[in-house]
Amino acid sequence: MKVAVVGTGYVGLVSGTCFAETGNTVICVDNNPQKVESLKKGKMTIYEPGLDVLFDRNTKEGRLTFTTSLEEGIKDAEVIFLALPTPPGEDGSADLKYILGVADDLGKTMKQYAVIVDKSTVPVGTAEKVRAAIAKNATVDFDVVSNPEFLREGVAVDDFMKPDRVVVGTESERAQEIMKRLYAPLVRQGNPVIFMDERSAEMTKYAANSFLAMKITFMNEIANLCERAGADVDNVRKGIGTDSRIGKRFLFPGIGYGGSCFPKDVQALGKTAAEYDYDFKILKSVMKVNDKQKTKMMPLIKDYFDGELKGKTIAIWGLAFKPHTDDIREAPALYNIKSLRRAGAKVVVFDPEAMDNIRGEIGRKVKYAKSMYEAIEGADALMIMTEWPEFRSPDFDKIGNALKNKVIFDGRNLYDLNNMENKGFTYYSIGRKVING
């Protein structure tokens, strides 16, 4: 099948590469000449484990190509995916200017029937707007389908190639048959392709992400209460996670969620609720709690240093919003760096993948270390913001010797409390007792 993917950001590049892997001829379109040129030369423009192998194979075999020309990209395509940015506007609503702009161009450019697929996360009613934008100039038949992505950064290739489910919003039988054929190689084990109307499909994506954000936030609230009540959140997590109605995933407390999806999607769903005059109270609470949770460690570190951080050097391990990605969008590390610098502290950072993105975001406002141990050399304290695997089993003797004070502020609960006590560290974590070394 000939497939076009408009947009080569995270969703577009993963989708295009994985569709090529299942034997389709895929051409990806992007209006950024530098990005397209890099991709043509075989240079990945995002970091995602395992994607480079598929990318190399399919570009070499000619199934995956790139262009800046929309007309060239959609020629003879049966399916055209729109994988374009939907950044939040000032009022929190998703900005559809990129999607609707391309939709307008498609109406002028299409020469044959195609299924136009909204792959981006978009508000309820977007498919209707896209249909109207295309129809203004279209001279051929077409269908507009909502097909939200459910990719987790860090495991996106597995999520795409072995999806839990595929959600397709369309009431067109012709479009359904084409989407069935496209996804058939990915659901051979029997995972469902769920067909529904477009508005329900659009709502499904926001509902899924908002529910997961709520689950994370609930556990953070439980953790905060555990600290006051003298309970251990790890024990509580195990106690409730074994209940099949609750499940084990998304129960780890920490310093809040970030990334490109949860913050934006929760905010956008709240905006949708407001548009329909519905007071979505629980969603408002999720956003409020998460904003506060991101800098939960700051009062603790200030108290440790008797309220004076000026001149102190704080090392930070982890900058990405989660491990196995270089994505720093809404990452808690950014908020903590800002708070530490405002308090007069110097900051030294290390992350296995996100260093370049941080440089692009904040420049020389922090010092960049070449390794996790270089970051802590001579620092007054260590803060952990991202749960990268290499941070889980460090050389604690090396840490103790490198730091001026044997103190760790762990926003991801990486270490065993008894081990921290035996090693003589002062150790702060989330929802657990403080270890005073």
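The expected span of a helix is 1.5 Å times one less than its number of residues. Keep in mind that this is a predicted model.

**Exercise 1.** Compare the reach of helix H1 with its expected span.

Solution. Start with the residues: H1 runs over residues 10-21, which makes 12 residues. Next, take the expected value, 16 Å at 1.5 Å a residue. From first C-alpha to last, H1 reaches 17 Å, close to that expectation.

**Exercise 2.** Is H1 largely enclosed by the rest of the structure or left open, and why?

Solution. Use the cut-off for buried: under 20% relative accessible area. The residues of H1 that pass include Tyr10, Leu13, Cys18 and Phe19. In total 11 of the 12 are buried, so H1 is largely enclosed by the rest of the structure. Just after H1, look for Gly23, which has a positive phi of about 100°.

**Exercise 3.** Work out where the buried residues of helix H8 lie around its axis.

Solution. First find them within residues 173-183: Ala175, Ile178, Met179, Leu182 and Tyr183. They cover an arc of only 125° around the axis, which puts them on the same side of H8. As background, an α-helix has 3.6 residues a turn, so residues three or four places apart point the same way.

Methods
Residues are numbered from 1 along each chain as its sequence is written. This is a predicted model: local features need pLDDT of at least 70, side-chain atom pairs count only at pLDDT 80 or more; totals for chains, interfaces and linings use all residues. Side-chain values use heavy atoms; hydrogens and water are left out. Helices (H or I, at least four residues) and strands (E, at least two) are DSSP runs, numbered from the N terminus. Buried means under 20% relative accessible area, exposed over 50%, partly exposed in between (1.4 Å probe, protein chains only). The arc is that of the directions from the helix axis to the C-beta atoms.
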